[in-house]
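Q: Could you walk me through a few features of this model, starting with the aromatic rings?

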Amino acid sequence: MRRWAPRPVLLAAAALAVLIALLPLAYLLIRVGEAGADRIAAELLTARVGELAARSLGLATVVTAACTVLGVGTAFLVTRTDLPAPRVFSVLAALPLAVPTYIAGFTWISTVDGFAGFWASALVLVLCCYPYMFLPVAATLHRADPAQEDVARSLGHHPWRTFRSVTLPQLRPAVAGGALLVALYVLSDFGAVALLRTDTFTRAVFTALELGFDRTGALVLSTVLVALTTLLLAGESLTRRRSARYAPVGSGARRPPVRMGLGWWRWPVTLLLGSVSALALGVPAVSLTRRLVAGVSRPGSLVEMAWAAGNSLAVSAAGAALTMLLALPIGLLVARAPGALAATVDRLGYLTHALPGVVIGLSLVFFGIHVVYPLYQTRWLLMLAYAALFLPLAVASVGAAAAQAPPVLDDVARSLGRSPLRAFASVTAPLVAPGIAAGTALVFLTCMKELPATLLLRPTGMDTLATELWTHTTVAAYAAAAPYAALLVLLSAIPAWFLAARSGAIGGDR
């Protein structure tokens, strides 16, 4: 019989990590509670809130559906077909992660006249977010044993039927996890919807704070995002349970899959993927290049860029380190002691992931002023904001890696007299290290792009590439903003390339 609280030390460490990450949510609930039932009802029971909810959910649905089709299709093409240059297309499919949505929105606005509204936001978000679907699906396809697909084909199944009945069910956990990340990203995104003038909850929250000076109203609206996140988590949990029966048993030697011939579809499909990459990467590259020379010609700009880049790298690395430190016990708990408690701890970490960065920033400003004043205006609060925002990204990487490390090896080490800590350090840690590296790269990349919380929490006098970019764009100094945007994308491309390599698609069997 499974104990009610397996691995109590690990459970305690995971619970502490989640409590730290939930500090911004605690502030949100305290401030909303202080508003009183009448004020809450007055803010929520309005036609405008209904419209915001419908538009936010509609945008999340459209973007998630499109990212699923695009991400799964691209992953299948580069890992299971004779697509030309699959490694090149794998890198191109991962690199949009390096383009923040506010940069993508800015470049599209400056390229296409009248580019704004719901469908404009949907296009930009799809082009920026589909790597969140491509990477886990490509990694799953790379690790999967193709024996079941071979059996289906030997029984006369058409390739499409084989994909639908054999391959796709194996991908359901990866697809569900990727869809959850995409949906939560869309609900919390501010950059694209603000620039493209699409009224969602995040834009309404920012407007209430910055233009209406209505902090309480903004926080009440944010509770709706928490409720929507809870519904998404419940749906993803149901999908995960349904997918459990498709999990592979055992892990033998994996052989290369037999790649399906595309026939006369080969070049049209290649053109389609090239067009997607041109939209996701080419439009920002061309737009930024047009303004780049004028931006760096200003005296002192190179020194300012160097300082901003150094600050971005430093705070992103620190934020990624803290986030991975908090994620490690949660990911290990999910992999080593699955059950209701582990699932609850894991799901709680997602609640702050859908909150706008401005809400996370405000909550930690309050926390710093009233609770831990010595930390106010230091990098520690900014690092905590990054951990609260991006903890699920790190937990997913650690959990997936730990699930691939057989727990029996840890048990054997402990049976030989090693303490739990020594057994983890000598046996489990080396096996989980690749997942930790991938999670660190993903969190580092996301911290580099984060804007609202960084604007509120950075120490006085400390500017990053993202804040300098925002400062220049708010006064329409687009030429001065372009070098910061270009350098931010270039630095972010390094961890994006690493994530593509870790997915296994780059090192394909060709």
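A: Rings of Phe, Tyr and Trp (its six-membered ring) pair if their centres lie within 6.5 Å; planes under 30 degrees apart count as stacked, over 60 as edge-to-face and the rest as tilted. The structure, a predicted model, holds 8 aromatic pairs. In one of them, the ring centres of Tyr27 and Phe366 are 4.5 Å apart with planes at 35 degrees, so this pair is tilted.

Q: Which values must I keep in mind for a predicted model?

A: Local features need pLDDT of at least 70 and side-chain atom pairs count only at pLDDT 80 or more, while totals for chains, interfaces and linings use all residues. Residues are numbered from 1 along each chain as its sequence is written, and side-chain values use heavy atoms, leaving out hydrogens and water.

Q: Is Tyr27 buried or exposed?

A: Buried means under 20% relative accessible area, exposed over 50%, and partly exposed in between (1.4 Å probe, protein chains only). Tyr27 is buried at 4%, whereas Phe366 is partly exposed at 28%.

Q: How are the planes of Phe118 and Trp119 arranged?

A: Their planes are at 80 degrees and their centres 5.1 Å apart, so the pair is edge-to-face. Phe118 is partly exposed at 23%, and Trp119 is exposed at 60%.

Q: What about charges: how many salt bridges are there?

A: Side chains of opposite charge can pair when their charged atoms come close. A salt bridge is a side-chain nitrogen of Lys or Arg within 4 Å of a carboxyl oxygen of Asp or Glu. A search of the whole structure finds 4. Among them, Asp82 and Arg266 meet at 3.8 Å, N to O. Asp82 lies in the loop between α4 (47–80) and α5 (86–94), and Arg266 in helix α14 (residues 266–296), 184 residues apart. Another joins Asp346 and Arg347 at 2.9 Å; Asp346 is buried at 8%, and Arg347 is buried at 12%.

Q: Which ring does the charged end of Arg266 sit over?

A: A charge sits over a ring if NZ of Lys or CZ of Arg is within 6 Å of the ring centre and within 35 degrees of the ring normal. For Arg266, the ring is that of Trp267, with the charged end 5.3 Å from its centre.

Definitions and conventions
Helices (H or I, at least four residues) and strands (E, at least two) are DSSP runs, numbered from the N terminus.
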